[in-house]
Amino acid sequence: MRAVWLREFGGPEVLVAGEAPDPVPGPGQVLVEVAFVNVTFVETQFRASGFGPVNAELPMIPGNGVGGVISKVGDGVDLALVGRRVVTSTGGSGGYAQRAVVDAALVFPVPDALSLDAAVALLADGRTATGLVHTAAVAPGDRVLVEAAAGGVGSLLVQIAKAAGAEVVAAAGSAEKLARARELGADVAVDYTAADWASVVGPLDVVFDGVGGAIGTTAFSLLRPGGRMAVYGLASGAWAEVSEEDARARGVTVIRSIGDAAALRAFTVSALDAASAGHLTPVIGQRFPLAAAADAHAAMEARGTFGKTLLVA
């Protein structure tokens with residue numbers, strides 16, 4: 001099968017297309033014929049330095065989220081799953097490939113009304129955005145800042161927070177991205193590369209911090225007493241400098257987790273159902289052929305992407 005290999009850490013060019021043995025489902029597993037692959041910013045960081053939640057030995061096939069059709073099942077798995085459209089996580093490796101083997105318990109059936117590419121776009125980002133809004137208890141009238149509002153998670157956060165009745169302030173790094181955030185429902189759009197961006201934003205009740213670094217630290221300073229800061233990413237390369245002591249002194253709750261495995265599964269199902277019903281729209285900004293995974297990573301690192309980036313297998 002076709003696959004993309006990571007044999008050394010480094011720039012996007014270390015992702016090299018090649019061949020790999022076809023995986024075979026073992027007991028309790030299914031084989032997925034992959035149609036679309038989810039690409040996340042965390043994967044670019046892992047590729048560059050080995051940083052991230054995956055403990056894998058090189059060489060490896062990276063990738064953690066795929067969608068496709070189940071073609072085979074292992075012992076102990078219901079044969080009725082064959083032919084079913086599903087999305088699933090791979091555990092952190094094996095996703096950038098034509099075929100992937102996963103535990104049958106990890107797959108999510110794709111609702112009939114939802115396209116497979118939209119479901120893949122929601123697999124990680126929809127779960128995250130849904131869980132963040134739920135855990136931060138966004139309520140009508142809250143003033144909410146969404147950092148990186150044009151990204152995969154950010155574009156969904158704008159929609160979900162707005163639907164919850166919040167006033168949404170979208171922050172991004174270009175006029176084009178800010179315009180798109182407004183199209184998604186943002187009430188205010190701010191360029192956080194401008195020196196005075198914090199004064200334009202003003203007081204906040206909730207911050208969704210996917211950037212970290214100086215931007216996340218500044219956003220924390222804008223929270224009112226009783227505010228909530230959900231920290232979920234470090235696109236800047238560093239976490240926001242927010243200590244638990246500072247948060248307690250200011251009466252701010254810092255959220256660093258959205259729940260256990262059962263909660264994450266429930267948030268994923270909720271996102272898929274919301275999109276199927278037309279209440280949530282994943283934004284797929286760009287698609288690359290599987291063999292061009294290096295180009296996808298380069299585009300993401302150059303901040304030249306909008307919404308979700310997918311590989312087409």
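Q: When do two strands count as a pair here, and how many bridges join S4 to S5?
A: Two strands pair if DSSP finds at least two bridges between them. This is a predicted model, and in it S4 (residues 65–73) and S5 (residues 85–89) run antiparallel. Gly65 stands opposite Ser89 in S5. As for the bridges joining S4 to S5, the count is five.

Q: Which residue in S7 is the bridge partner of Val86?
A: Look at S5 and S7 (residues 108–109), which pair in the antiparallel sense. Two bridges hold that pairing. The S7 partner of Val86 is Pro109.

Q: How many residues of H2 are buried?
A: Buried means under 20% relative accessible area. H2 covers residues 116–123 and is mostly covered. Among the buried ones are Leu116, Asp117 and Leu123. The tally for H2 is eight of its eight residues.

Q: Is H3 parallel, perpendicular or oblique to H4?
A: Two packed helices are described by the angle between their axes and the distance between the axes. For H3 (residues 125–135) and H4 (residues 152–163), the axes come within 9 Å and cross at roughly 45 degrees. Angles under 35 degrees would be roughly parallel and 65 to 115 roughly perpendicular, so H3 is, relative to H4, oblique.

Q: What classes of residue make up the contact of H3 with H4?
A: The H3 side includes Asp125, Thr128, Leu132 and Val133, and they meet an H4 set that includes Val153, Leu156 and Ile160. H3 passes H4 in a right-handed crossing. By class, the contact comes out as eight nonpolar, four polar and one charged.

Q: Which strands stand at the edges of the six-stranded open sheet?
A: The strand order is S10-S9-S8-S11-S12-S13, with parallel pairing. An edge strand has a single partner strand, so one side of it is left without a neighbour in the sheet. That puts at the edges S10 (188–191) and S13 (253–255).

Q: What angle does the direction of H4 make with that of S8?
A: H4 packs on the sheet. The strands touched by H4 are S8 (143–146), S9 (167–172) and S11 (204–209). With the direction of S8, the direction of H4 makes about 170 degrees.

Q: At what angle to S12 does H7 run?
A: H7 takes in residues 213–221. H7 lies across S8, S11 and S12. Relative to S12, H7 runs at about 150 degrees.

Note on methods:
Residues are numbered from 1 along each chain as its sequence is written. This is a predicted model: local features need pLDDT of at least 70, side-chain atom pairs count only at pLDDT 80 or more; totals for chains, interfaces and linings use all residues. Side-chain values use heavy atoms; hydrogens and water are left out. Helices (H or I, at least four residues) and strands (E, at least two) are DSSP runs, numbered from the N terminus. Axes are lines fitted to C-alpha atoms, for helices over the stretch in contact, and angles run from 0 to 180 degrees between N-to-C directions. Angles under 35 degrees count as roughly parallel, over 145 as roughly antiparallel, 65 to 115 as roughly perpendicular and the rest as oblique. A crossing is left-handed if the near helix is turned anticlockwise from the far one by less than a right angle, and right-handed if clockwise. Contact means heavy atoms within 4.5 Å. Ala, Val, Leu, Ile, Met, Phe, Trp, Tyr, Cys and Pro count as nonpolar, Asp, Glu, Lys and Arg as charged, and the others, Gly among them, as polar. Buried means under 20% relative accessible area, exposed over 50%, partly exposed in between (1.4 Å probe, protein chains only).
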